[in-house]
Amino acid sequence: MHPTRTALGLLALLAFSISPTLHATDRQSGPEKFAQLDYLLDTPTETRLASGAPGPVYWQQRADYDIEVTIDDRAQRLIGRETITYHNQSPHSLRYIWLQLDQNRFRPDSDDMLTKTAPDFEQFPYKTLANLLTRQDFEGGVDLKAIEDANGKALNYTVNKTMLRIDLAEALAPGEQFRFSVAWEHNIIDATAVGARGGYEYFEADENYLYEIAQWYPRVAAYTDYQGWQNKQFLGNGEFTLELGTFEVAITVPADHIVAATGVLQNPGDVLSRKQRQRYEKAQTSTEQRFIVTPEEAKQNESSRASVKKTWRFRAENVRDFAFASSRKFIWDARMAKSGSRDVLAMSFYPNEAEPLWSQYSTPAVAHTIDVYSRFTFEYPYPVSISVNGPVGGMEYPMITFNKPRPYKDGTYWDVRQKPDDKTWERSKYGLISVIIHEVGHNYFPMIVNSDERQWTWMDEGLNTFLQFVTEQAWEEEYPSRRGEPEKIVEYMISAPQVPIMTNSESIYQFGSNAYAKPATALNILRESIMGRELFDHAFREYATRWKFKRPTPADFFRSMEDASAVDLDWFWRGWFYGTEYVDVAVDNIALYQLDTGNPEVEKAWQKTQKDEREPTLGQQRNAEAETLLQRYPQLRDFYTESDEFSVTPWDYAQYEQLQQSLTDREKALLSVDKNFYAVTFRNIGGLVTPLPLRITYGDGEVEELQIPAEIWRRNANEVTKLFITDREITGIEFDPYRSTADADTANNAWPRKPETSRFKLFKEKEEPNPMRRDEQEKWEQPIY
Amino acid sequence: MNRLSLIIFLALLVGAPGALAHPWHTSFAELGWNDDGDTLEVSLRVLPEDLETALTWRRGETVVLADNPDVRSQTLAYLAERFLLHSESGEVFRPGRLLGMEIGHDAAWLYFTIAADTGLRLSLYNAVLMDVEGTQTNRARPLWLAPRDTLLFTAARPEQSLWQGR
Ligand SMILES: [Zn+2]
């Protein structure tokens, strides 16, 4: 940087503040990036208000279920009968009711099976082959036995793959109820071989089964103000949305099974032994974790083969779904957890194969999740929260979650602080804690804040993944979270093809990054760098509270966050949720301007210093020794030879006098201010507008940090010049020192430029191997060929 | 059923079961030429449990992902099958050296090199972990290009043009 102190007069300098350079580009301009969302959002109505809150005529349907279900442990078959009371609370008359038959996904003629496209056989995943063979042999699908009205009269119905339409003899008017029953059966799938949300796991060693039963009963599809019937076919990947209601479920299983389910056990006296009952009661007042079935008892139970059955009765209120698990292998532990002022019974059910990891971490992770999420949203409204270990990778249902990670066969598990050699990954401690936090967290989004997973996956996965990150970081310092920190999203943000988060599509490219990681990171950035924690946390809690047990859409979220914070975030939603640009800001140019005081004594001295500071050229240096003509013939010297160009002349004084007379006192005072004016140019290479967190280093070594709001880009989104006025010399400026913006190219973030090395070179330069492993590693440490 | 119809039959049924609640299988590679310009230096980040699964399947018995000579040589052999350069005339350049690995819970980083003839146009075949997850998405960033020129590899398109030759 070269300081300039050219003919900048006082007025010229004061007029100078931001001088945008216009670049021709096809990107959105600043005004376009900062335009209000308007037409992109649904028009507000009295159902969904412009503030983002539910309106006075907001409505949603309701479905209450009474279910009797039996698990046939010999045939791995489920036999069920349900009575559904459907409440039409909409202002519309309905001529039919749609139900979901998710199990039909396993029929050979389902869309899920038929729409699979051929893979590249070189890439053929091994797992797929096992999946394939299992599914080929499996007789899947719902076997409908009867569909009747309340009087036992058969109803007309039509099955369209995973959807079932029941035709009503008379239209169901607004405010009316319709009661009907369905009897059905279906085979339970082997969930260890097929990626399913429920199914069984068979344990060869002791010849026992463990059942995780989900998406198992014919469920009433959602009917909403924004979508009508949500009756898209179930392809296995998209999740679902359902109506809230009360469930009374009677589950009949072999008498030696232990059952975990959505809701509260109604008949412990019928199904628990006296000892178990006492422990169960004690756990409900204990903040210490207790076993209701100990590992030893569960082990013993494995060899039992009850010939009789027992029926477990559960009741759950205000839930949108019901799932359960059953096995004679279950260990059962429990403790009371706090959610604000409410008490919640946190429980875990797992086989001995999950030990010792599960008794140590599962229930604590459930309790921790409820504690943190409650602070960010609302008090957990249900009486229990359950984590079950079984074959399902990670899946959420109201009050109950299925979580797969187990330790290695010898009972050890991986912890980053342990020696790695005898531990294994998939069964790691952090893997388990993270999946429990995520799945239990889903109770809030979307089980209670009932957004539509089929349409907007990000509304539950994105918000939940954001809070999962917060909860993980509150578990322990430097918890190894896989997503959340801005720098982790960069690789996705710069990749192509990519679609906006707000793409309402079932074929989103790079689904996990799009629907989970990007919105989660966006919210983290919004909280930490744009709104600040206080404003963000209040607005987020307001959104959650407004839509608790209701159905929000994206516009309700966007509007609520602004409504409760007075922060205009339209540019943020537009950039992060409706766009695919990324953040890359370069600190491009720095110019120093100083005031021309007009005083010839000051200015000429300054000019002389500038000249003296210049190094002589090579020619000047080499000629220095040689005698010049003037040295040989002094008579050639004249007035100009002798005169110093920097000496102050009477003419200079006269000019200065004139200037002084023309200035007001205020202007004179300004002229005498000794300040540095730095014009710093920032270039927006990535296109996504961002605040500019800056670290400025001064000549005296002091460091200052400040943040320029994103609105600096509102006139020109490609390049802005910002003026800094300081007493001191600036020796360095760095953009985004804390990696808080997801900036894609950090090589251009600093002036003067900081040399950047590739990750590879950094690795090679690292002189010491990891100290944890150094001793044993040094012996063999060398490249492998 | 002859071989071809078997394949067609399988193709109808195959699909990625996916980890249902967590469709999250990505890798990321940073690519740069060494100072002599004849060797590609690769830093590859993978999900540790997915790599462990791939090595386990490849060997047919449980492999525990840890940094030791045995796992290193298995990893290098695995990379030699799934991360390689092709020239237009069909030459293949495979990873030759695995300099090291850094294994954490959130990621495992592998550092390896591929010696190649940079006089040729080269494409990168990156099918790492596509044998474990049908939904695997691999990204690679050539450091000599702008960030937006990151390459994306999926099962449908596991090969991308990388280098135009000198
Ligand atoms: Zn999820």
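Predicted model: local features only at pLDDT ≥ 70, side-chain atom pairs only at ≥ 80, totals over all residues.
Figure 1. Chain A has 785 residues, and 56% of them are buried. It holds 24 helices and 31 strands.

**Figure 2. Chain B and its elements.** Chain B has three helices and ten strands. Read from the N terminus, the order is α-β-β-α-α-β-β-β-β-β-β-β-β. Of its 166 residues, 65% are buried. Take the contacts in chain B between residues at least 6 apart in sequence: 58% join residues at least 24 apart.

Figure 3. A:H438 lies in helix α9 (residues 429-441) and A:E461 in helix α11 (residues 457-473), so the pair ties together parts that are 23 residues apart in sequence. A:H438 is buried, at 0% relative accessibility. A:E461 is buried too, with a relative accessible area of 0%.

**Figure 4. A:E239 and its contacts.** A:E239 sits in the loop between β13 (228-229) and β14 (245-254) of chain A. Its relative accessibility is 5%, which counts as buried. Leaving aside residues up to four places away in sequence, A:E239 touches A:R197, A:M395, A:E396, A:E453, A:R454 and A:E461. A:Y698 is another story: its C-alpha is 55 Å from that of A:E239, and 459 residues separate the two in sequence.

**Figure 5. Helix α14 of chain A and its packing.** Helix α14 covers residues 533-546, 14 residues in total. From first C-alpha to last it reaches 20 Å, close to the 20 Å expected at 1.5 Å a residue. Its buried residues include A:F536, A:F540 and A:Y543. A:D537 and A:R546 are also buried. The buried residues of α14 pack against α8 (357-376), α10 (443-448), α11, α13 (511-531) and α15 (554-563) of chain A.

**Figure 6. Helices α11 and α15 of chain A.** These two helices pack at an angle of about 45°, with their axes 10 Å apart. That angle makes α11 oblique to α15. On the α11 side, the residues that meet α15 are A:W458, A:M459 and A:L463. Their partners in α15 are A:P554, A:F557 and A:F558.

**Figure 7. Two cis peptide bonds in chain A.** The bond from A:E355 to A:P356 is cis, with omega near 10°. A:P356 is in the loop between β21 (342-350) and α8. The bond from A:F445 to A:P446 is also cis, with omega near 10°. A:P446 lies in helix α10.

**Figure 8. Positive phi at A:Q76 and A:N318.** Neither residue is glycine, yet phi is near 50° at A:Q76 and near 55° at A:N318. A:Q76 lies in the loop between β2 (62-72) and β3 (77-87) of chain A. A:N318 is in strand β18 (residues 309-319). A:Q76, at 9% relative accessibility, counts as buried.

Notes. Residues numbered from 1 in each chain as written. Chains lettered and ligands numbered in written order. Heavy atoms only, no water. Helix = DSSP H or I, 4+ residues; strand = E, 2+ residues; numbered from the N terminus. Buried < 20%, exposed > 50% of the residue type's maximum accessible area, 1.4 Å probe, protein only. Expected span 1.5 Å × (residues − 1). Contact = heavy atoms within 4.5 Å. Axes fitted to C-alpha atoms, helices over the stretch in contact; angles between N-to-C directions. Parallel < 35°, antiparallel > 145°, perpendicular 65-115°, else oblique.
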